[in-house]
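Trainee: I would like to go through the side-chain contacts of this model. Could we take them one topic at a time?
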Amino acid sequence: QGVGRLMASCFLKLARDLGYKSSYFNLVFESNIESIRLWDSLGFQRVSTLKNCAELRGIEGLITAYGYSYDLTQLPQHFDPLALAKAQPLSRFRVDLWRKYSQLSPYLLPLVGFGAAFLFIRRV
C-alpha cells in the first residue's frame, strides 16, 4: 500500500544526502510489473536489458531482467520523499495485490535491503 514507493523515495534522498551521485538497481525481472512501474514512475532510467538471464519458479523458460539507474545530482535540493510517496493514489490493482500477499504471507519471506524490497518464496 505504497510502502515500496515510500522506501524508494526515502532511498533517493538518503543516497543523495550521503554524497552518492547515482544509483543502480539490477535484476528487476520483467515479471515484476509493480517494480517496473515504481522505478519508471520515480524517474529511474532503464539502462540495461539482460535477456534470458534467469529461471524463476512458476515461470516457464528463461526470463529477462532490467537495470535501472537514477542520476541523484538531478534530485531537487528540497526533495520531500513523503510528498512523492503520497502523490500516487492507491490503485485497485495494488489493493488486490496487497490482499493476495496478505493471504500468502505465511509462505513468503520478505527481504529488505538498500532501499529495495525483494520477495522470495519459501519452500514448504
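Trainee: To begin, is Phe 25 buried or exposed?
Mentor: Phe 25 is buried, with a relative accessible area of 10%. Buried means under 20% relative accessible area, exposed over 50%, and partly exposed in between, computed with a 1.4 Å probe on protein chains only. Please note that this is a predicted model, in which local features need pLDDT of at least 70 and side-chain atom pairs count only at pLDDT 80 or more, while totals for chains, interfaces and linings use all residues. Residues are numbered from 1 along each chain as its sequence is written, and side-chain values use heavy atoms, with hydrogens and water left out.

Trainee: How many aromatic pairs are there in the whole structure?
Mentor: The search finds 5 aromatic pairs. One of them joins Phe 25 and Trp 39, which are stacked at 4.5 Å centre to centre with 15° between the planes. Rings of Phe, Tyr and Trp (its six-membered ring) pair if their centres lie within 6.5 Å; planes under 30 degrees apart count as stacked, over 60 as edge-to-face and the rest as tilted.

Trainee: Which parts does that pair tie together?
Mentor: Phe 25 lies in strand S1 (residues 22–29) and Trp 39 in helix H2 (residues 33–41), so the contact ties together parts 14 residues apart in sequence. Helices (H or I, at least four residues) and strands (E, at least two) are DSSP runs, numbered from the N terminus. Trp 39 is buried as well, at a relative accessible area of 5%.

Trainee: And what about the rings of Phe 44 and Tyr 70?
Mentor: Their centres are 5.0 Å apart and their planes stand at 55°, so the pair is tilted. Phe 44 sits in the loop between H2 and strand S2 (45–55), whereas Tyr 70 belongs to strand S3 (residues 62–71), 26 residues apart. Both Phe 44 and Tyr 70 are buried.

Trainee: Which residues do the ring pairs link into a cluster?
Mentor: The cluster consists of Phe 11, Phe 25, Trp 39, Phe 44 and Tyr 70.

Trainee: Turning to the strands, in which sense do S2 and S3 pair?
Mentor: They pair in the antiparallel sense over 7 bridges; two strands pair if DSSP finds at least two bridges between them. Leu 50 stands opposite Ala 65 in S3. The hairpin of S2 and S3 has 6 residues between the strands, and Gly 58 there takes a positive phi near 85°.

Trainee: Where does the charged end of Arg 46 sit?
Mentor: It sits over the ring of Tyr 66, 3.8 Å from the ring centre. The criterion is that NZ of Lys or CZ of Arg is within 6 Å of the ring centre and within 35 degrees of the ring normal.

Trainee: Next, how many salt bridges are there?
Mentor: The count comes to 3 salt bridges, each defined as a side-chain nitrogen of Lys or Arg within 4 Å of a carboxyl oxygen of Asp or Glu. Lys 13 and Asp 17 form one, with the closest N and O atoms 3.0 Å apart. Arg 16 also bridges to Asp 17, with the closest N and O atoms 3.0 Å apart.

Trainee: What does Arg 37 meet in a salt bridge?
Mentor: Its side chain meets that of Glu 34, at 3.1 Å from N to O.
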